[in-house]
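Subject: Handing over the structure

Hi,

Here is the structure I promised to pass on to you.

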Amino acid sequence: MRFLEHLTLGQYIPADSAVHRLDPRCKILSTVIILIGVFTAFHPLAFSFWGAFLIFSVLLSRLSLKVLVRSTRPVLILVVFTAIVHLFFTGGDALFKLGFLTVTSQGANLAVRMGLRLLFLVLFANLLTLTTSPMELADGLEQLFSPLKPLGFPAHELAMMMTIALRFIPTLLNETDRIMKAQLARGAELDQGGIIKRLRAFIPVLVPLFVIVFKRADELAVAMEARGYRGGVGRSRMHPLCWSLSDTLALILVVVVVLTFIYLDGWS
């Protein structure tokens, strides 16, 4: 249960910082460009550059680096699993054998690189959600996807779905924590025994959680219909997005940094 108390996945932390004040479209585009750069990184030294840039971005956002690192806990299993798959199932020059599995030098290098790439992907994506409110994120995504509307792309609907998902992550975590505490008070052993026993013990937690999720979804749909929600057509905003000179400069800075890192990675 302790990991639920410190989980920050999808949460927004308000602060008066240069990163928070940037237009959400600038932050979304910057994050996409950064992730492209991260996934082209090859040399180990390149990942140290990305680590330094991440720390610099966190300092600019006035957030705690500990909070950002904590947000990676839910996906650590996925990162480790991806690294293990590449470690044992990549062909090449054999280093040693573990039973019927062979570890190759190419597999070890690919496992480390893929693990670091996924880790930086989660860290930079979480930095975006921690510094951008769900409404700003939805407005930014809708504006960025709006050129695709003539092609039939559901820009508003997609942005709305992502906003609702991000908005309800903290709520569902609180509900999960409340249900788990109630089950523990009834004598449930959620953190004892083997994997199969623990999975079975979580069934009494998942069943009421699914009931709550469907109930909240139904209540939200009724509330939206009662307020006359009909999609993005004719919708007005209390705080319309405004692209400023600082957004342009920030995006140029990110592009320059990414191109520099890619060049240094290829040169090294």
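Below is what I found, starting with the whole chain and then going into details.

First, a bit of housekeeping. This is a predicted model, so to speak of local features we need pLDDT of at least 70, and side-chain atom pairs count only at pLDDT 80 or more, while totals for chains, interfaces and linings use all residues. Residues are numbered from 1 along each chain as its sequence is written, and side-chain values use heavy atoms, with hydrogens and water left out.

**The whole chain**

The protein chain has twelve helices and two strands. Both kinds of element are DSSP runs numbered from the N terminus: H or I with at least four residues for helices, E with at least two for strands. Reading from the N terminus, the order is α-α-α-α-α-α-β-β-α-α-α-α-α-α. The C-alpha trace spans about 65 × 60 × 40 Å along its principal axes. Of the 268 residues, 36% count as buried; buried means under 20% relative accessible area, exposed over 50%, and partly exposed in between (1.4 Å probe, protein chains only).

**The core**

A nonpolar core is a set of buried Ala, Val, Leu, Ile, Met, Phe, Trp, Tyr and Cys residues joined through side-chain atoms within 4.5 Å. The largest one here has 21 residues, and those touching the most other members are Ile 34, Trp 50, Phe 53, Leu 54, Leu 68, Phe 120 and Phe 124. At least two residues each come from helix 3 (24–40), helix 4 (44–61), helix 7 (105–131) and helix 12 (245–267). Helix 4 gives the most, with six residues. Leaving aside residues up to four places away in sequence, Leu 54 touches Leu 68, Phe 120, Leu 123, Phe 124 and Leu 127; contact means heavy atoms within 4.5 Å.

**The cysteines**

How many disulfides are there by this rule? A disulfide is a pair of cysteine sulfur atoms within 2.5 Å, and the count comes to zero. Cys 26 is in no disulfide, with the nearest cysteine sulfur, that of Cys 242, 13 Å away. Cys 26 counts as buried, at 0% relative accessibility, whereas Cys 242 is exposed, at a relative accessible area of 59%.

Happy reading!
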